[in-house]
Structures are given as structure tokens and as C-alpha cells.
Amino acid sequence: MFLVLVIVIVISLILVMVRALLGPTLYDRLLAVNSAGTKVVILIAAYGFLTGRPDFVDIALLYALINYIATIAVLKFFEYGDLGSGGYQEDDL
Amino acid sequence: MLLVDIVSGVFIFVGCLFVFGGAVGLIRMPDFYTRLHAASVTDTGGLLFITIGLVLQAAFVFDNPAAAIKLTLTIIFLFFTAPTASHAVAKAALMANITPQCQNGKSVVDESLNSLYSDKGKDLSAVLMPVDPPEIMSNFAESKAESELNNKDKST
């Protein structure tokens, strides 16, 4: 059961990475990377169960946290060109 | 033991269908927003089903309640963050003037909004965010100054 789960997730991970390589726009690639991150979270947890060590879910939880922060950070960087800005330039206010 | 295996197997199978369907949708869909829909919805749903199956396995087969609790935390966390990340991607794409497509290949925003707003470049973001945040800020500052004046009047 876990073997099937891992194989299905690896296949869908490959499909998603194809979209990340093909993607016509930046946002397609970003969406694919975000989706791949979610799949990797499941993959880490499932691999822990497959090898009989369910403690791998610690790493999965950590990866979920990092994935979210990374997506938001990359989006903010490409929208404003700066990670530290509050979204609007100071002379606008 | 056998019942738990069957139930968690069904959950994991349904989750696998969701995840695989989402990946195929991400490849096959014609337009960015349809791809976003395919990917984000199935990711959240597939994650829910797979993790429920894994929680059942961890709690009853592996006899490891700590792992079950951590998996539940992962579900709760991803149910907040995955839609938020999808929303942020969609909003950033709209701000970058990537417009949704109709079935005939024309853009929805071109048909509905550009009849109202002739300029295509900057005005699209003005339509999407009708009130300018700096304006809100200045209104807030003015109303705050007014209320302070009123308070001074009352006190004197």
C-alpha cells in the first residue's frame, strides 16, 4: 500500500516538474514548484511509513512550513523586486 | 487490524487519485488559472485523504501516537497555507496582467472589463484593487486628526 502511494506520488512529481520546466510564464513554474512541495511533504511521510520509521513526519512538517514561506517569499520578490518592502514605496504614502 | 488496513487503504487510494488527477490537470489544462484550479484543489483534497489514511496506520498499526499527532498538525497547517499560497499566486498573476481565457480563446477580462476601462495596462490593477491603499492610509490619518481635534475641543 505504501509502495503504491510512493510510486503514484513520484509519477505525479515528475509530471509536475515537467510543467515547471515547460511553463510559459513565471507563475506556472511557481505554481508547479508549490504543488511539487506539497507532494514532497506527502512523499516524505509515506517513505517513513514504507521503511517502518513513522518519525519521518517531523521532516514532513518542517518541509511544509518551509515550502509555504518559500512560495510567499518568491512571489513577493517578483511582485515588488524586494523582500523587505511593505508593498508600497515610501513616497506613495 | 484488518479493518484499519482496509479503511486506510481506501483513503490512501482516493488520495492517490486526487494527487494524480491534479498532476495530469497541471499538464493538460490550457490556461494558467485552470491549471491553478486543477493543482491547488486536488493538492489540498489529496493531502487530506492520504494523511487521514496515514494517521490511521500510525495510530493503530505502527502504534505510534506521536507520529499521528504530527500528521494531524501537518493537515491543519497545510489546510491554512495551501489555499493562501494559491490565492497569492493567483493575485500576483492577475497583477502581472495574465488574463483568464474563454473557451473561444479570447480573454475574459478583455471582454468584460475593457469595455469599461479602455487602457489595458495600468487600469487593470486599478479595477482589481478599487481603493488605493495609500488613499485609505491618508483617509485614516485625516479621520484620526479630526477625532483628535474633536477630543481637544471637548476637553477645553
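Axes here are lines fitted to C-alpha atoms, for helices over the stretch in contact, and angles run from 0 to 180 degrees between N-to-C directions. Helices are DSSP runs (H or I, at least four residues), numbered from the N terminus.

The model is predicted: local features need pLDDT of at least 70, side-chain atom pairs count only at pLDDT 80 or more, and totals for chains, interfaces and linings use all residues. Residues are numbered from 1 along each chain as its sequence is written, and side-chain values use heavy atoms, without hydrogens and water.

**Helix pair.** The axes of α2(A) (residues 26–50) and α2(B) come within 10 Å and cross at roughly 10°. The two helices are therefore roughly parallel to each other (angles under 35 degrees). Among the residues that meet are A:Tyr27, A:Asp28 and A:Leu31 from α2(A), and B:Phe32, B:Arg35 and B:Leu36 from α2(B). Contact means heavy atoms within 4.5 Å.

**Whole interface.** Chain B gives 45 residues to the contact and chain A gives 42 residues. Together they bury about 3900 Å², 80% of it on carbon and sulfur atoms (accessible area, 1.4 Å probe, lost on being put together and summed over both). B:Leu26, B:Ile27 and B:Phe62 supply 14% of the area that chain B buries against chain A, more than any other three residues.

**Salt bridges.** The count between the chains is three (a Lys or Arg side-chain nitrogen within 4 Å of an Asp or Glu carboxyl oxygen). One joins B:Arg35 to A:Asp28, with the closest N and O atoms 2.9 Å apart.

Key. Chains lettered and ligands numbered in written order. Buried area = accessible area lost by both parts, 1.4 Å probe. Parallel < 35°, antiparallel > 145°, perpendicular 65-115°, else oblique.
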